[in-house]
Amino acid sequence: MKYIKNNFFVEKVNLQKLTKKFDTPLYCYSYNKLKKNINNFKLNFSKLNPLICFAIKSNSNLNIIKEIKKLGLGADVVSKGELVQAIKAGINPKKIVFSGVGKTYSELNYAVDKKILLINSESKSEVMEIEKIAKSKKKIVDIGIRLNPNTDAKTLNKISTGKKGDKFGVNQKTFIELVNYLKKSKYINLKCLSVHIGSQIFENKPYEKMLKVIDRILSKIKFRFNYIDLGGGMGISYENDKKIFNYTNYQKSIIKFLGKYNSKIIFEPGRSIIGNTGILISKIIYIKENQSKNFIILDAGMNDLMRPALYGATHRIIPVNKTKKYSNKTYEFVGPICESTDKFLSIKKFQKLKEKDLIIVCDVGAYGSSLSSNYNLRPKPAEILIKGSRIIIAKKRQKLKDFI
Ligand code: LLP
């Protein structure tokens, strides 16, 4: 993705031309970037030969998941909908893990029927529910138990999942009790210990601590797990700082940890696979000049991209067509939704803009379209996947009649 003669291109496609055909707001993804991310992820953990299960929640677009499947990944799902979508994309159920604190009887029943690799269970009650289902079907079901390692991921509070006050997983005491109980179960095969401490993590320390907690618990219980599922969470840079997660160090700590245990590693990455592959293109509807600010009112809003409103997350904004004329006013980029939190970013120095100009909100491949909604009864944007000069409609723009 880059400017060629001041016009922004995704691979070989000129965005100005693309929006003429498909209108705005428009999600647009680069296939080559996706492929590169997946290959890098594999390379970064090549010494572990892990099973990589893409976190469908980060991007649940069927056509994108199909590409991810072709590039060799499995899936981490958290609802029946995501499980159906993963299977529809052609992912082998034996490469699917199912997490989530509130899986219902009908969701568990479906997962058992589909013979997925693992149901990663997050409570005693859920384990009992699975056992009941397995017994009624006279089947043996493979499961994991998600441990809450009480580890601070040192990330945004709202996306941290591994501290003792978080709703996820079970504490060490319950974990040990469940292992002892399941050793004798006729219907459940306990195969995995799973953890996931949070998202957008940059430091290695939280992961090292998490591995230490797992190590301590494993040495206490003397039970062999076929799989250790370490979840996802590796951070990506949303700013111009080129900050990167240190994969080499993480792999080293895992190798050290595995020295004592002979288990296969599973990862559940979302953001690190899809985050920087996607952009959101939006058109300026109006420019409203108030005393101190210029409001740039976009046709994309918080219903299309929730992250800034929900987490105070920053996404860079850049123009589709670059000029060299700068403004010294502060631009506040806002959406059309009737909420004050419907704003993306304030920028001090930006090129001069006029109504109908196009801008790009960067790095929205993860938790962008998948978190979008019809709030204010606005249709969801189309999603385009670019492969070289090929333009693939990965999802059609919603029409009002689709939901009214
Ligand atoms: N595995 C489990 C069990 C998870 O809960 C998650 C994310 C992942 C894997 C993938 O994590 P990743 O590699 O993408 O960091 N909506 C928030 C992020 C929420 C993450 C929820 N769980 C955001 O936009 O930042």
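Modeller: At 2.9 Å, the backbone nitrogen of G169 is within reach of the side chain of E122; a polar contact here is a pair of N or O atoms within 3.5 Å, one able to donate a hydrogen and the other to accept it, and residues adjacent in sequence count only if both atoms are side-chain atoms. The model is a predicted one, in which local features need pLDDT of at least 70 and side-chain atom pairs pLDDT 80 or more, while totals for chains, interfaces and linings use all residues. Residues are numbered from 1 along each chain as its sequence is written, and side-chain values use heavy atoms, without hydrogens and water.

E122 itself belongs to the loop between β8 (118-121) and α6 (124-137) (helices are DSSP runs of H or I with at least four residues, strands runs of E with at least two, numbered from the N terminus). With a relative accessible area of 4%, E122 is buried (under 20%; exposed is over 50%, partly exposed in between, with a 1.4 Å probe and protein chains only). Its side chain also makes a polar contact of 2.9 Å with the side chain of R146.

R146 leads on to the strands. It stands opposite S194 in β10, and strand β9 (residues 141-146) is joined to strand β10 (residues 188-194) by six bridges in a parallel arrangement (strands pair if DSSP finds at least two bridges between them). These two strands take their place in a barrel, which eight strands close in the order β5-β6-β7-β8-β9-β10-β11-β12, with parallel pairing. From one strand to the next, the twist averages 30° (axes are lines fitted to C-alpha atoms, and angles run from 0 to 180 degrees between N-to-C directions).

Five of the five residues of β5 (residues 51-55) are buried, so the strand is largely enclosed by the rest of the structure. L51, C53 and A55 cover one side, and I52 and F54 the other. Two bridges join β5 in parallel to strand β12 (residues 264-267), where I52 stands opposite F267. Three bridges, also parallel, pair β5 with strand β6 (residues 74-77), and there A75 is the bridge partner of F54. Between β5 and β6 the chain passes through helix α3 (residues 62-70) in a right-handed β-α-β crossover (clockwise from the first strand over the helix to the second, with the strands pointing away from the viewer).

F267 is also a member of an aromatic cluster, in which ring pairs link it with F41, F45, Y207, F245, Y247 and Y250 (rings of Phe, Tyr and Trp, the latter by its six-membered ring, pair if their centres lie within 6.5 Å; planes under 30 degrees apart are stacked, over 60 edge-to-face, the rest tilted). The count of aromatic pairs comes to 19. One of them is the edge-to-face pair of F41 and Y247, at 6.0 Å centre to centre and 80° between the planes. F41 lies in helix α2 (residues 31-44) and Y247 in helix α9 (residues 247-258), so the pair ties together parts that are 206 residues apart in sequence. Both F41 and Y247 are buried.
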